[in-house]
Amino acid sequence: MPKTFKRAAAAGFTLIELLIVVIILAILAAIAIPQFSATSADAQQAALDANLATVRNSLEQYRAQHTGNVYPGANATTGGTCTATKGTGAAGTKQAFEDQLKMASDAAGNTCSLADNTYRYGPYLRQGLPAQPIDNNAEVTFTNTGAAIVADDKSGWAYDAKSGQFIMNSTKKDPNDKVYSTH
């Protein structure tokens, strides 16, 4: 009588089969993970470009609608007769810049929390400046000199009220080897 070897009906997988599956999964993960990290860097860069475009458009719209063709922050926000909360920023200050972007304003740049026939311009950025997406920082280094801004990594953004220049305040480079402040 010939002997037949029958494998006992074992439930489960052998160690070799499990190792092969683990190796295949590791290879797939090694291929997929770098693709995801590049995608998130691309998404951050696209968000940065969108935020810069939004803020720069708001600055230009403010300039076009106000007397003297000035950018936000150049004029004081405290004048005028506001029936609600007035702005508190003196001319050439970061507070004036923030007030003039977040509140309704008249043609001279005076601000009020309530829009009416006098305060009919804006608000341009209702929720304030967006955080720049690379470092998640919404702080602004404010200047009023008219000189070109040089990035110094001290805040998320840098702005000059005389020139209207608005940049990401970073000397780091994006995945395309371009300095973020030049976007």
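A158 of strand β4 (residues 157–160) stands opposite I167 in strand β5; strands, of at least two residues (E), and helices, of at least four (H or I), are DSSP runs numbered from the N terminus. The model is predicted, local features require a pLDDT of at least 70, side-chain atom pairs count only at pLDDT 80 or more, and totals for chains, interfaces and linings use all residues. Residues are numbered from 1 along each chain as its sequence is written, and side-chain values use heavy atoms, with hydrogens and water left out.

Strands β4 and β5 (residues 166–168) run antiparallel and are joined by 3 bridges, where pairing requires at least two DSSP bridges between two strands. The hairpin of β4 and β5 has 5 residues between the strands, and G164 takes a positive phi near 80° there. Strand β4 also pairs with strand β3 (residues 140–143), in the parallel sense and over 4 bridges. In this pairing, T143 has D160 of β4 as its bridge partner. Both faces of β4 are covered, with W157 and Y159 buried on one side and A158 and D160 buried on the other; buried means under 20% relative accessible area, exposed over 50%, and partly exposed in between, with a 1.4 Å probe and protein chains only.

Confidence, given as pLDDT from 0 to 100 for each residue, has a mean of 89 over the chain, and 93% of the residues reach 70 or more. The highest mean, 96, belongs to β4, and the lowest, 88, to helix α1 (residues 15–65).

The whole structure holds 6 aromatic pairs, a pair being two rings of Phe, Tyr or Trp (its six-membered ring) with centres within 6.5 Å, stacked if the planes are under 30 degrees apart, edge-to-face if over 60 and tilted otherwise. F97 and F142 form a tilted pair, at 6.1 Å centre to centre and 45° between the planes. This pair links F97 in helix α2 with F142 in strand β3, 45 residues apart. F97 counts as buried because its relative accessibility is 1%, and F142 is also buried, at 18%. Ring pairs join F97 and F142 with W157, Y159 and F166 in a cluster.

F97 is also among the residues that line the largest pocket, together with K94, E98, L101 and K102, and others including L125 and V140. Helix α2 (residues 94–102) supplies the largest share of this lining, 5 residues. The lining comprises 6 nonpolar, 1 polar and 4 charged residues.

Technical notes
pLDDT is the predictor's confidence in each residue, from 0 to 100. On a 1 Å grid over the protein atoms alone, a cavity is a set of points where a 1.4 Å probe fits but cannot get out, and a pocket is an open set with protein on both sides within 12 Å along at least five of seven lines; lining residues have an atom within 4 Å of a point. Ala, Val, Leu, Ile, Met, Phe, Trp, Tyr, Cys and Pro count as nonpolar, Asp, Glu, Lys and Arg as charged, and the others, Gly among them, as polar.
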